[in-house]
Every structure is written in C-alpha cells, then in structure tokens.
Amino acid sequence: SVSETTATAYPNIALIKYWGKRDEALHLPVTSSLSLTLDIFATVTDVRVADDLPADVVTTADGSPSRAFTAKVVAFLDVIRGMASDDRRARVHTVNTGPTGAGLASSASGFAALAVAAAGAYGLDLDRRALSRLARRGSGSASRSIYGGFVQWHRGDGLDTAGDVSSYAEPVDAPQLDPALVVALVDAGEKAVTSREAMRRTVETSPFFQPWVDASKTDLHDMHSALAAGDLPAVGEIAERNALGMHATMLGARPAVRYFAPGSMRVLDRVVELRAAGVAAYATMDAGPNVKVLCDRRDSAKVAAAVAETDETMQVMVATPGPGAVVGGT
Ligand code: DP6
C-alpha cells in the first residue's frame, strides 16, 4: 500500500537561546528556550511511504542533498517507524523557499515539516505537543516550529523516557505586541563549524557555559514578564543580552567558536546607532553570521533601510510572526 502527506513549516528565531544538550540522542536541552516563528522561508516536505521501496530516498529542489542531511532524515524516519511499528521505507522530497545556504534555521522548518508529513504518511495520530517532541528528535529547535508566534520549548526534567516526555514546546501569548524581525543575510566568507559540533564543544570546554545557563533562567523569567506586559524594548534587551551571552560561551570554548563576521559587526553597530536615535531595535544571532533585528512592525521599514546601508550587496528581509506547521503545501 502507499500513503502520502505533504506539510509546510516555517523557521523560528530564538530570543532565549537553546545552546547545549544534556542528552545528545534525544536532543534534550540544558536550558529552556523561547522563540518567534517567522512568516518567510517556509519548508515544504512531502513523504510517500510504499511497500516496494528497498531504501529511503531523499531529494531536494536542486537534486540530492548531502550525505549528512540524508543520514539525519533516515535516522528520523527510523524513530517514526519505531513508533508506528511499520518497516516500510519512504521517499522524502523537501523544498526550502529561503535562499539556499543562508543558514536561516532551515533545520528547524525542515524537521518540523518532516515530522508533520512523516507522522501523516505513517498514520500516526499525534497532537501538537507530541509533534513538537517528535520534531525535537530531528533537530532541537524544530520542536518550536510546530507552533506559530512566540513559543517556549521546555527543557523538561530527567533523562530517557522522563526527559523525552517532559521536553516539548508550547505557544506563549503576547497579544499586545506587533513585532517584526529584520533579517540581514551577512556573507561569512568562510565555512563555519556546525551548530551541533559547536554546541558540544561549548558544553565540554567553555568555562563560561554554566554562568550563561544560570543567567538564561533569569532571562526566561524576565522574558515572560516582558511578553505579558507587551513591552517590546524589554523583550529586545533580554533577547540581545541572552544571544550575546550565548556567543560569549562559544568564544570561551577551546578551540573558540566565532560566528561574527565583519558584516555582522557592522549590523550590530548600526543597531546601537538606531537605539541612540530613539528606535527600539535589538539584535540576535545564531550559529552563523546573519543578524536578526527585533523591532516594532511600524519601525521595520526604517530599520531595514538602516541595516541595508551597511552593505549595498546584502539581502535584507522583513519577517513578521508566522504560523505553526500544517498539513498541506503553500
Ligand atoms: C543557535 O536546533 O540546529 O539556533 O538540536 O543539534 O539540531 P540540534 O541543534 P539546532 O540548534 C539551534 C541553535 C541556535 C539557537 C536556537 O535556535 O535556540
């Protein structure tokens, strides 16, 4: 027999970061994290399960993906086959609508879309919380892309089954906020360390890791107050300090991991200048040179123009809150 499901999911950008695992196999994080799902750069994934396939086949818009990507997808399908008690192999076709290689949380949208599509194709009837746990098995940050808007991923408690069950994502209300994220696609010029490797190295070697973990607890607590109060400047300040603190843990790793490129620094400087000029704009960065600037939606054109001035050739996009992962194409 044959069954097929298509799903769409969007990337998310963490305002309180996930950096460090307490269990590598289940992707159980050291800290809870909180993000905003975007409305740009969707991933659309189709999963077709059939009796006659001798092995899983993974394809992308531009042909076949890297071996590393295929291996991650196959490992993820093995998790689903275990849950569904179904050995059939699958054909997975995935299309990223964002600029390829820009490294904009494509693993988050990718594994969220794959979780929804594969659960459908293998006939698993999972609620959103269960889908967020499942997406986490592909990539930790993908757990948050199951939901739209602001989302918290709970670190959960314990290891093994207890850890797996308690580490899921859920939406966070912030009805008074009307935010935008201005995404500056900065060119790195060199190949960076993968986030998986960088995270491991930070946990194992950085003397600054534990202090950031402690600070992150306070940041998360303060972030909830700021979101509930609809206080964008407070949300931005907390997000910026949390992100810079995460990068400080990496700079302390041995050998150091540094994602800041010259272009990233120019955007960070511009954000400081915007604030000096009275515009509420705050920067965050992930495992790459791109800078995302949080601001109010009504300031987004001004912020985008100011950021674009730092490099005429750089792509700058404005994102606003986007939806959770759904069955269907775009
Ligand atoms: C810096 O979710 O890509 O973007 O769980 O190993 O797949 P794995 O890592 P991943 O890490 C994301 C790290 C981050 C911060 C964040 O999104 O919270």
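Phe41 sits in the loop that lies between strand E5 (33–37) and strand E6 (43–50). In this predicted model, Phe41 has a positive phi of about 65°, although Phe41 is not a glycine. Pro255, for its part, is found in the loop between helix H7 (232–251) and H8. As background to both places, most residues other than glycine have a negative phi, and most peptide bonds are trans.

The confidence of the prediction can be stated in a few values. The protein chain has a mean pLDDT of 96, and 98% of its residues reach 70 or more, while the model as a whole scores ipTM 0.99 and pTM 0.97.

Two pairs of helices can be described next. In general, two packed helices are described by the angle between their axes and the distance between the axes, and the table sets out these values for each pair.

| Helix pair | Axes come within | Crossing angle |
|---|---|---|
| H1 (residues 67–84) and H2 (residues 106–121) | 11 Å | roughly 40° |
| H8 (residues 262–276) and H9 (residues 300–308) | 9 Å | roughly 135° |

On the H1 side the contact is made by Val73, Phe76, Leu77 and Ile80, and on the H2 side by Phe111, Leu114, Ala118 and Ala119. Sorted by class, this contact of H1 with H2 has eight nonpolar residues, with no polar and no charged ones.

For the other pair, the axes of H8 and H9 cross at roughly 135°, and that makes H8 oblique to H9. The crossing of H8 and H9 is right-handed. Here the contact is made by Val267, Arg270 and Leu274 of H8, together with Val303, Ala306 and Val307 of H9. By class, the contact of H8 with H9 has five nonpolar residues, no polar residues and one charged residue.

Definitions and conventions: Residues numbered from 1 in each chain as written. Predicted model: local features only at pLDDT ≥ 70, side-chain atom pairs only at ≥ 80, totals over all residues. Axes fitted to C-alpha atoms, helices over the stretch in contact; angles between N-to-C directions. Helix = DSSP H or I, 4+ residues; strand = E, 2+ residues; numbered from the N terminus. Contact = placed C-beta atoms within 7 Å. Nonpolar A, V, L, I, M, F, W, Y, C, P; charged D, E, K, R; others polar. pLDDT = per-residue confidence, 0-100. Parallel < 35°, antiparallel > 145°, perpendicular 65-115°, else oblique. Left-handed = near helix turned anticlockwise from the far one by under 90°.
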